[in-house]
Amino acid sequence: MKIKKGWYALFTAPLMLVFFCVVVIPFFIGIGYSFFSWDGLAKHRAVFVGFQNFINVFQDGRFISSALRTTVFTLIAVLTVNILGIFFALVVTTKLRVRNLARTMLFMPYLIGGLILGYIWKAVFQEYFLNIGWGNWTTDSVKGIAAMVIVTTWQMAGYVMIVYITGIMAIPNDVMEAASVDGAGYFQTLFKVKFPLLMPSFTICLFLTLSNCFKIYDVNVSLTGAGPGNALEMYSLNIYNEIFSLSNFGYGQAKAIIFFLIIAVVTLAQVTITKKREVAM
Amino acid sequence: MNSTKFGRVLLNTITVLLCLVYLFPIYLILTNSFKSRAQMYENMISLPKSLSLQYYASALEKMNFFTSVKNSLILTVVSILVIVIFSSMTAWMFARSKNRLSTALFNLLVATMLIPFQTIMMPLMQEMNWIGNTFGIKMTDSVPGLIFMYLGFGAGMGVFLYHGFVTGIPVSLEEAATIDGCNTWKTFWSIVFPMLKPTTMTVIILDVIWIWNDYLLPSLTLKSTGNRTIPISTAKFFGQYTISWNEAMAALVVTIIPVVIFYLICQKYIVEGVAAGAVKG
């Protein structure tokens with residue numbers, strides 16, 4: 001189909017203009033900022049410091065422990081979210097009469113935003129746990145992480161469940177019948193037939209959970225905050241505090257650039273690896 | 001015969017009970033929002049003895065709830081409207097005119113979906129302030145400014161989803177319309193756009209969940225009280241007052257009511273949209 005240049009511009013230019021303005025330009029300005037030292041005040045000049053910000057990052061104890069904490073959190077949460085999500089998907093794809101009701105209830109938490117979820121669970125981990133004598137989890141450096149894992153799992157399990165359901169439904173009936181004719185038991189079918197055929201769903205869900213968990217911010221802010229001695233501060237909140245609370249704009253931006261690099265490398269690597277293990281239907 | 005039937009009923013009942021246990025935090029905030037303070041700390045999991053609405057009244061007032069709902073509604077609806085209009089137009093153009101520029105811009109849109117918001121938040125705010133100071137267009141602490149930013153951030157996902165769908169529909173209808181004398185504008189809006197409805201639903205659902213619940217971006221730009229969205233006024237509520245948990249729980253219940261209504265009305269679309277978005281994204 002032949003389209004005139006004028007129409008092409010009219011259809012695409014407005015969105016591209018906004019997109020460049022909001023995403024592309026700030027991204028490059030951001031790379032620039034990361035080489036400067038600046039306190040964010042217009043009257044103060046930014047000083048070029050080269051790679052100094054990136055070097056300082058590795059000597060910043062608060063940052064290092066926050067990044068490690070986020071990594072540990074992500075590894076645990078990715079596991080719990082996906083295990084629970086697969087389990088839910090297997091339950092609601094059985095012949096149970098209540099499967100649709102169950103699906104509705106299990107998916108609900110995903111629609112409530114992370115910030116509100118954090119506050120809802122604060123009622124549990126703080127008020128209810130104090131009430132029954134289990135102590136306040138939201139201010140404890142270990143139990144606080146556990147609390148965040150639980151809230152994230154609660155939020156995301158129903159979401160990945162939906163993706164796994166789509167994957168399970170796509171498995172042709174004759175494959176399952178063939179397995180049962182060949183005398184495969186429930187667990188044999190599960191591990192030898194269903195799971196290998198679910199590899200595309202694994203790829204998607206691992207990607208979604210990896211990047212979402214690593215970027216955790218809302219739940220961190222509402223459930224625990226940075227915690228005593230910043231012992232519960234996650235990577236995102238660390239960037240936010242560095243820039244907007246401590247006014248180290250250049251240094252905080254360097255952390256933000258590293259944040260992007262980690263997410264890009266890890267998620268791309270994960271997609272490449274799991275894609276290789278997908279089997280043809 | 002009877003024992004298998006009994007087993008089935010038992011299994012169904014257990015599943016529903018477990019799902020109810022799963023939603024325990026919701027029950028906790030619901031039941032305690034009606035209790036008096038003394039009653040609440042006496043037994044947090046009991047049902048309320050009487051239905052007192054006093055905490056709801058004070059929570060609604062302190063959160064400025066109805067203004068927040070109005071702000072959130074306007075922000076979400078208008079943002080999604082512009083995202084749908086502009087990304088469908090752009091995606092169609094990219095798919096139908098296969099030149100190097102289209103491919104490059106499309107790839108850029110998709111690639112930037114990997115950039116976490118934290119990486120560009122600071123330079124974005126700088127740029128928006130700069131636009132405000134230089135051109136006198138208020139971009140920060142302004143709802144239109146925020147809508148502009150949502151359009152930029154929503155472009156990647158929107159164009160990507162529409163592009164995938166357009167590639168799958170035959171071009172012959174559009175050619176026929178052109179021969180009948182429709183210009184490009186009319187061809188798009190009267191022939192193509194109606195066919196894109198499934199993708200439009202997906203985009204709407206995904207963006208409602210995202211924009212309605214988004215906290216970090218609005219918290220950076222919307223500073224005045226009158227502009228606050230639901231997540232922001234909830235965060236302010238929890239930050240500002242020495243929390244009376246009865247009131248806080250009432251506040252949380254009312255903030256999730258719009259989400260629950262949305263879920264009950266559009267459940268089918270939501271589940272389909274989320275699945276489609278995840279699988280294609």
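Is Glu174(B) buried or exposed, and at what relative accessibility? The exercises below start from this residue and then move to other parts of the model.

**Conventions**

The model is predicted, so that local features need pLDDT of at least 70 and side-chain atom pairs count only at pLDDT 80 or more, while totals for chains, interfaces and linings use all residues. Residues are numbered from 1 along each chain as its sequence is written, chains are lettered from A and ligands numbered from 1 in the order in which they are written, and side-chain values use heavy atoms, with hydrogens and water left out.

**Exercise 1. Describe the setting of Glu174(B) and its side-chain partners.**

Step 1. Glu174(B) counts as buried because its relative accessibility is 0%, where buried means under 20% relative accessible area, exposed over 50%, and partly exposed in between (1.4 Å probe, protein chains only).

Step 2. The residue belongs to helix α9 (residues 172-179) of chain B; helices (H or I, at least four residues) and strands (E, at least two) are DSSP runs, numbered from the N terminus.

Step 3. A salt bridge joins the side chains of Glu174(B) and Arg96(B) at 2.8 Å, N to O, the term being defined as a side-chain nitrogen of Lys or Arg within 4 Å of a carboxyl oxygen of Asp or Glu. Since Glu174(B) sits in helix α9 of chain B and Arg96(B) in helix α5 of chain B, the pair ties together parts that are 78 residues apart in sequence. Arg96(B) is buried as well, with a relative accessible area of 14%.

Step 4. The side chain of Glu174(B) also makes a polar contact, at 3.2 Å, with the side chain of Trp92(B). A polar contact is a pair of N or O atoms within 3.5 Å; within protein, one must be able to donate a hydrogen and the other to accept it, and residues adjacent in sequence count only if both atoms are side-chain atoms.

**Exercise 2. Work out the surroundings of Ser72(B).**

Step 1. Ser72(B) is found in helix α5 (residues 65-96) of chain B and is buried, with a relative accessible area of 2%.

Step 2. Not counting residues up to four places away in sequence, Ser72(B) touches Trp212(B), Thr229(B), Ile230(B) and Pro231(B), contact meaning heavy atoms within 4.5 Å.

Step 3. A polar atom of the side chain of Ser72(B) lies 3.0 Å from the backbone nitrogen of Ile230(B). Ser72(B) and Asp214(B), 142 residues apart in sequence, are 9.9 Å apart in space, C-alpha to C-alpha.

**Exercise 3. Characterise the interface of chain B and chain A.**

Step 1. In contact are 87 residues of chain B and 84 residues of chain A.

Step 2. About 7800 Å² is buried between the two chains, of which carbon and sulfur atoms give 80%; buried area is the accessible area (1.4 Å probe) that two parts lose on being put together, summed over both. In chain B, Tyr22(B), Leu114(B) and Met122(B) lose the most area to chain A, together 10% of what that side buries.

Step 3. The rule finds 15 residue pairs in polar contact across this interface (both at pLDDT 80 or more), while the count of salt bridges between chain B and chain A is zero. Helix α14 (residues 245-280) of chain B gives the most to the side of chain B that touches chain A, with 15 residues.
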